[in-house]
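Here is a short tour of one protein model, written for someone who likes to keep the structure open while reading. Please have your viewer ready.

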Amino acid sequence: MPIRIASAQLNQVVGDFEGNRDRIASAAQRAHEACAQVLVTPELSLTGYPPEDLLLRGSFYDRTRAVLGALVEQSRQWPSLRLVVGHPSEEAGRRHNAASVVHAGRVLGVYRKRELPNYGVFDEQRYFEPGDAPLVVDVDGVPVGVVICEDFWFPNAPAAAKAAGARVLVAPNASPYHLDKQGERMDTVRRNVCAQGLSIVLASLVGGQDELVFDGMGFALNADGSLAAQAPAFVEDLLLVDVADDGTLTGPIAPAASLEAQVYAALVLGVRDYLGKNGFPGAIIGLSGGVDSALTLAIAVDALGRDKVRAVMMPSRYTADISWIDARDMAARLGVRYDEIPIATCFDAFLSTLAGEFEGTKPDTTEENLQARIRGTILMALSNKFGSIVLTTGNKSEMAVGYSTLYGDLAGGFAVIKDIAKTLVYRLCAYRNEVSEVIPERIITRPPSAELRPDQKDQDSLPPYDQLDGIVQMYMEEDRRVDDIVAAGYPRDAVEKVVRLMRISEYKRRQAPVGIRVTPRAFGRDWRYPITSKFRD
């Protein structure tokens, strides 16, 4: 007979056991009212994902068992519904990434994840042992198998489920977003699941967790690889998928957005959840009149609302008139609180204090960095006094080559565009202005400058950004050799300069705030290079 499978796309919070259980229960109630026989929740939905070293604490498992037990009892409210609930398990000192199938006050079975990812942002072999047994449950005559996330990136677990009789798979999933990730997921499922004659329904996590953003977009694929259903991106959702007698899946298909729209939505969600889940009352941004701070301000307002965002312009003797004019204009367009705090007096005081020490030397980057550090101090003082977090405005191109000042523009609590290359910054600004024109055009078209010395331009110190971003992508994200990058058409002197700057800037990046990851490799948990190293590529 036909059945209905509900896929719950939930924004869970690591360690919020009661809140996570309540969101699962709410989804179960909705699935029950929609006459579903199965509700699939995301990977580790009871604890949030990823719990990281909380998984090394015995008390974390104690709490998991208690809350899972309460949910099992609560499941009596939905007597026709099977809940697939993701959670960690610990038995006799062995820890697993697991999913329990719960039905009417009892546990029908527990599946233990077979494939444990240990690359990129994943570190599951640090915490878990692999499972080795399939789990298939009968749902009104339909044999439904359970796999968890990484299991469908390989053929073994789906094959084991099929051998145990499964006709359709359900998959708790927690797959972080990066550019074009959904296409990669679907291609992988087609190769490892559909090719074996199985259909599948995924339940995906959504929301921000530190530097990770989960895009949701849970989906269902038929055994022939065709898309049967797809949840929307970056929002909570309950996707209902009908399984016909012949095994065909059907359901609503939410359209995919453009790449720029996806990335912008990821950044908005990342900011909203980082501040909301950590209890920050608002955000402070140093607004310079440049494109990076403009994009950061737009994202913050879209994430938090204008009442929770404050922009501070801190002009110096080198700040061009158009910078503060454009900063005022943008703040007015967005309706945020805007203040101007000149730094000339502070700068002169520092120079006077250091005059004896600097006697006989020429001005250089030391004086430039002093200005950036004064601004960082002002922003952090406002953060301390009023509780709002400072959002830093540096982009990935700058992070790569160290075009930033420690304790200056790197000072802050959350780096919104840390993984956004400069060329993508411009594309995101153009996208946001298509929605509504909040960024003054001159901010986008004027040459970028730190404005720390007369007539300064970024390109005085760096290769053109189209070159820089291409080199960083090939070297940092794709692990390509220097000779390969040169062979791709980039000038050798530019390639060698960028690689050298990346190497000597590692100590800065270690002290930079956490930031949102949107590429396959970001400067964060999946970039692990030594500061002290004699290796030269």
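Contact, as used here, means heavy atoms within 4.5 Å. Helices (H or I, at least four residues) and strands (E, at least two) are DSSP runs, numbered from the N terminus. This is a predicted model, in which local features need pLDDT of at least 70 and side-chain atom pairs count only at pLDDT 80 or more, while totals for chains, interfaces and linings use all residues. Residues are numbered from 1 along each chain as its sequence is written, and side-chain values use heavy atoms, with hydrogens and water left out.

**A helix pair**

Let's begin with α13 (residues 465-477) and α15 (residues 492-504), whose axes come within 10 Å and cross at roughly 65°. Axes are lines fitted to C-alpha atoms, for helices over the stretch in contact, and angles run from 0 to 180 degrees between N-to-C directions. On the α13 side, Q467, L468, I471, V472, Y475 and M476 meet A494, V495, V498, V499 and M502 of α15. By class, this contact has 10 nonpolar, one polar and no charged residues; Ala, Val, Leu, Ile, Met, Phe, Trp, Tyr, Cys and Pro count as nonpolar, Asp, Glu, Lys and Arg as charged, and the others, Gly among them, as polar.

**Two open sheets**

Strands pair here if DSSP finds at least two bridges between them.

| Strand pair | Direction | Bridges | Bridge partners |
|---|---|---|---|
| β14 (residues 237-243) and β15 | antiparallel | two | V243 and L249 |
| β12 (residues 219-221) and β13 | antiparallel | three | F219 and Q230 |

**One residue up close**

Is L391 buried or exposed? L391, found in strand β19 (residues 389-392), counts as buried because its relative accessibility is 1%; buried means under 20% relative accessible area, exposed over 50%, and partly exposed in between (1.4 Å probe, protein chains only). Not counting residues up to four places away in sequence, L391 touches V271, L275, A283, I284, I285, T296, A300, F414 and V416.
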